[in-house]
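Reader: I have the sequence and a model to look at. Please take me through the contacts with the DNA and between the chains.

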2 protein chains.
Amino acid sequence: MRLDHVFGALSDATRRAIVMRLCEGEASVGELAKPFDMALPSLMKHIRILESSGLVTSEKTGRVRTCSLQLEALATVEVWLAAQREIWEQRLDRMEMYVEKLKKEEKARARRRKSR
Amino acid sequence: MRLDHVFGALSDATRRAIVMRLCEGEASVGELAKPFDMALPSLMKHIRILESSGLVTSEKTGRVRTCSLQLEALATVEVWLAAQREIWEQRLDRMEMYVEKLKKEEKARARRRKSR
DNA sequence: GCTATAGTTAGCCTTATGGCTAACCATTCA
DNA sequence: TGAATGGTTAGCCATAAGGCTAACTATAGC
């Protein structure tokens, strides 16, 4: 389950809509296709992309293929994003500390100036 | 700042690496290019994609262009993902409640059977 | 067994993506 | 002012993405 594929899968509005639909519960290919003004084979491609990203799994029983969401893949992405934000926030903290240090030094200098 | 573009921007490993680098702080185009075995124009394309997604902004002073990360865009994605997860979890809750209901009904039926 | 239903495969088309080179600005700095 | 530095533009190429139609397979239901 590569980040490339998950992000890639989610970069298309049709596929995001499918994911959103599957959040509500399993669905057959036909059900998934209904809301879209799109030929079935086109939609199937999207489903396959979602599958190869790991976001969706499907199983065929009889002539119906039922798709369901794989929450772990969404979680992978969330984890990545959260990690980036954390790094960013740590950096902000460091910057803040640096600014505080500068302020203190400036105060010290001001005192020295006064007492001169 | 469209979800399409943000996800699309993050679907490429090079661009994710740039984002990760920028989490540590601002950087010039040249600095960003260093770690990659890639011609500058190719890297520039990535930077432009990141910019058009809203993930990165840049400003040119003199002959140096300095890039920095725009955390809000990352947040947009996190929000979307979190929203999906919430829907999913609500659904799980509903299912759990449904199962509980079934269990209770079954118990009630069992009692009735016994007392018959 | 025939017909309708649900997907699937194959193949085509257009546009976007990700890479390159070569040539071209535009600042710095000696 | 002339050379080095840092980006930028233009244009090429190969492959992938996203859509289509037409034809095909495999079950379900009458």
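Reader: Which element gives the largest share of the surface near DNA strand C?

Author: Bear in mind that this is a predicted model. From chain A, α3 (29–33), α4 (40–53) and β3 (64–69) each supply at least two residues of that surface, and so does α4 (40–53) of chain B. The largest share is five residues, and the element that gives it is α4(B).

Reader: Which element gives the most to the surface near DNA strand D?

Author: Two or more residues each come from α4 of chain A and from α3 (29–33), α4 and β3 (64–69) of chain B. The most, five residues, come from α4(A).

Reader: Now the chains. Which element gives the largest share of the side of chain A that touches chain B?

Author: Between the chains, 24 residues of chain A are in contact with 25 residues of chain B. On the chain A side, α1 (3–10), α2 (13–23) and α5 (71–115) give two or more residues. By class, this side of chain A has 14 nonpolar, four polar and six charged residues. Its largest share is ten residues, from α5(A).

Reader: How are α2(A) and α4(A) set, roughly parallel or roughly perpendicular?

Author: The two helices pack with their axes 10 Å apart. The angle between them is about 70°. Angles of 65 to 115 degrees count as roughly perpendicular. Therefore α2(A) to α4(A) is roughly perpendicular.

Reader: Is the crossing of α2(A) and α4(A) left-handed or right-handed?

Author: These helices pack at an angle of about 70°. Their crossing is right-handed.

Reader: Which residues of α4(A) make the contact with α2(A)?

Author: By class, this contact has three nonpolar, two polar and one charged residues. From α2(A) come A:Thr14, A:Arg15 and A:Ile18. From α4(A) come A:His46, A:Ile49 and A:Leu50.

Terms used: Residues numbered from 1 in each chain as written. Chains lettered and ligands numbered in written order. Predicted model: local features only at pLDDT ≥ 70, side-chain atom pairs only at ≥ 80, totals over all residues. Helix = DSSP H or I, 4+ residues; strand = E, 2+ residues; numbered from the N terminus. Contact = placed C-beta atoms within 7 Å. Nonpolar A, V, L, I, M, F, W, Y, C, P; charged D, E, K, R; others polar. Axes fitted to C-alpha atoms, helices over the stretch in contact; angles between N-to-C directions. Parallel < 35°, antiparallel > 145°, perpendicular 65-115°, else oblique. Left-handed = near helix turned anticlockwise from the far one by under 90°.
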